[in-house]
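User: I am new to this structure and would like to go through a few of its residues with you. Could you take my questions one at a time?

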Amino acid sequence: MSTFAVTNSGEVIDSVNYLLSNLNTGNVTGNITVPDGTLIGNSTTGEITRYNTVGEIYGYINQFVNLRYANNASGTSGFSTVPTNSLYFGVYNSATPTPSANPAAYQWREVAGGFGTTKTIYYSAIGGRQVLWAAASSPPSSNYVISVANVAIDLDVVTTAAGTPGERGPIAMAYVVTTADPNTATSAQLTSWFEAARDSLTAPIGTGLAPPVAGDTATFIYGAGSGTPSGTFSYNGSLWNLVVGQVIDGNVIVGNSLPGNTIVQGTITGNLIAANTITGNTIQVSTITGNLIAANTITATNISAGTITGNLIAANTITGNLIAANTILASSIQANSITATQISTDYLYTGNIISTGATIGSNTSPGYWLQYSDGAARFGGNVSIGNSLTIGTNASIGGNLAVSGLITAGSLNSNTVATTTIVPNAVTSSGAFSTTNQQFVADAVPGTVYTIAGPSITTVDSNQQVIVWMTAGWELRLRNNGSSATANGTLSGRLNRYDISTGGPGLTLDTFSTSFTRTMPTAGVDYSTYITNTSWPVVIDTPASAGTYVYAFAVSVQYTFTSGSFTDGLYLNNIAAGGQTNENNIVALGLKR
């Protein structure tokens with residue numbers, strides 16, 4: 001055991017601390033008391049702790065720390081380089097970055113709740129080979145850096161406030177001269193070349209920075225090789241990866257450090273961007289807008305088929321005033337590309353519209369055409385027009401025109417239809433019957449209807465109106481067969497309509513009757529009662545269905561004897577006054593619409 005002497009009273013405290021640290025007097029008994037917070041160094045583990053103080057700051061004697069994980073406090077269960085589902089983490093402090101495979105060489109600490117699948121070790125090297133550990137799913141602050149599996153931590157590299165390992169931070173670019181082609185080298189070879197001294201006179205000539213940290217990027221050049229092979233590589237914390245087609249690795253650029261206004265025009269051009277480098281999912285929304293794209297930058301020959309589809313274009317993005325004349329030609333539009341369901345507009349402006357094979361201005365060409373200058377149009381096939389059709393002057397309509405509901409309200413103006421252009425009965429159908437012949441019925445049977453046929457009318461529509469005018473006269477003569485007789489009764493005239501296909505008196509449209517009482521004191525003398533009207537009321541008939549109908553005179557008599565007996569005679573078309581005859585007429589007019 002070595003001895004030493006204290007020559008200055010100011011060295012007493014330091015000497016005592018040294019003794020306590022190196023002689024391990026923390027567990028002494030007797031009248032020696034170790035103050036709380038006194039530093040205790042463990043020469044076996046290399047760990048320096050503060051006596052009887054619980055905290056997160058740990059100091060270490062040696063430069064490097066390696067981490068391992070296990071499921072028990074000795075590290076003998078589940079010993080691993082990754083923390084997934086582990087319960088403990090172990091710290092191995094050594095003078096070199098080489099880890100130990102012996103769990104007993106590690107200082108083991110339990111993690112509350114275990115690591116699970118989301119936690120890992122974050123650390124913050126604060127200088128003096130002191131470090132803070134945190135087992136968490138995210139860094140406690142920006143001063144913490146995530147540990148990398150199976151990579152030693154250099155305690156002499158202080159973690160910066162930005163959370164970047166190394167006092168230097170990642171170097172943006174370095175040049176390393178190698179002893180072989182770097183494109184065929186292993187990560188370990190690239191690391192040894194990178195760590196080589198900068199002032200070396202022969203290859204390898206490196207950066208002198210050991211070890212490399214995540215983000216370090218260098219161009220490795222084999223100067224002695226044919227063609228001077230070279231390659232640019234970036235270190236991710238455990239391996240070197242080839243940086244294809246770029247000088248500055250993306251992960252070494254701090255967010256928002258290269259805004260658009262700091263890039264010199266022409267620096268990043270299309271021929272310098274590797275295929276698939278900038279894809280849609282890597283471009284932030286609203287980053288590239290129309291006013292930032294130079295004219296003729298994106299042309300049709302540079303757009304792959306199916307790249308820009310309708311569902312990818314925002315509404316109002318491409319408007320008519322942004323499309324140059326002759327940009328979209330019919331020959332460049334795929335069939336069925338533009339359909340009615342894909343056009344949304346209040347107005348569609350165009351010139352002449354001509355179907356295939358049609359000739360504009362020709363009224364005999366097939367298909368259709370519409371001429372914008374004067375509104376002329378031709379439709380060669382069947383055309384259906386909905387409601388509210390308005391036709392101007394000089395309309396010419398060919399044969400076989402069928403019009404439903406031509407006039408639904410109002411009336412035709414006078415002289416609208418010239419009579420010389422209307423075929424007889426085109427608007428109406430008519431019929432008439434007239435006779436001056438007297439018809440006599442002897443001993444008329446009471447209640448029997450006696451008919452004289454009249455005109456016939458054929459209707460073409462259901463409920464078509466037929467107007468009937470009639471003038472007529474009938475007479476009943478009674479003769480006493482005895483000394484005295486009296487009769488009471490009714491003499492009735494009527495206008496009947498019957499269907500010519502079924503016959504019979506049919507339907508009574510109107511009746512004209514008179515009641516009488518006749519006392520006949522003298523035998524063999526005629527006593528008359530009659531009904532007449534030279535202009536009977538007009539009758540308007542509406543047969544329920546189309547057909548041919550006959551309108552006819554009809555007369556019947558109904559009487560009773562009060563006393564005596566008599567004979568009768570029924571005269572049709574006769575007026576009693578002076579025994580003169582009267583012309584009977586029926587005129588019927590069927591109205592068409």
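User: Which backbone oxygen does the side chain of Asn66 reach?

Analyst: This is a predicted model, in which local features need pLDDT of at least 70, side-chain atom pairs count only at pLDDT 80 or more, and totals for chains, interfaces and linings use all residues. Residues are numbered from 1 along each chain as its sequence is written, and side-chain values use heavy atoms, with hydrogens and water left out. Asn66 lies in strand S4 (residues 64-70), a strand being a DSSP run of E with at least two residues, numbered from the N terminus. At 3.1 Å, its side chain reaches the backbone oxygen of Pro97.

User: Is Asn66 buried or exposed?

Analyst: Buried means under 20% relative accessible area, exposed over 50%, and partly exposed in between, with a 1.4 Å probe and protein chains only. Because its relative accessibility is 1%, Asn66 counts as buried.

User: Which residues are the buried ones of helix H2?

Analyst: A helix is a DSSP run of H or I with at least four residues, and H2 spans residues 187-195. The buried residues of H2 are Leu190, Thr191, Trp193 and Phe194.

Notes
A polar contact is a pair of N or O atoms within 3.5 Å; within protein, one must be able to donate a hydrogen and the other to accept it, and residues adjacent in sequence count only if both atoms are side-chain atoms.
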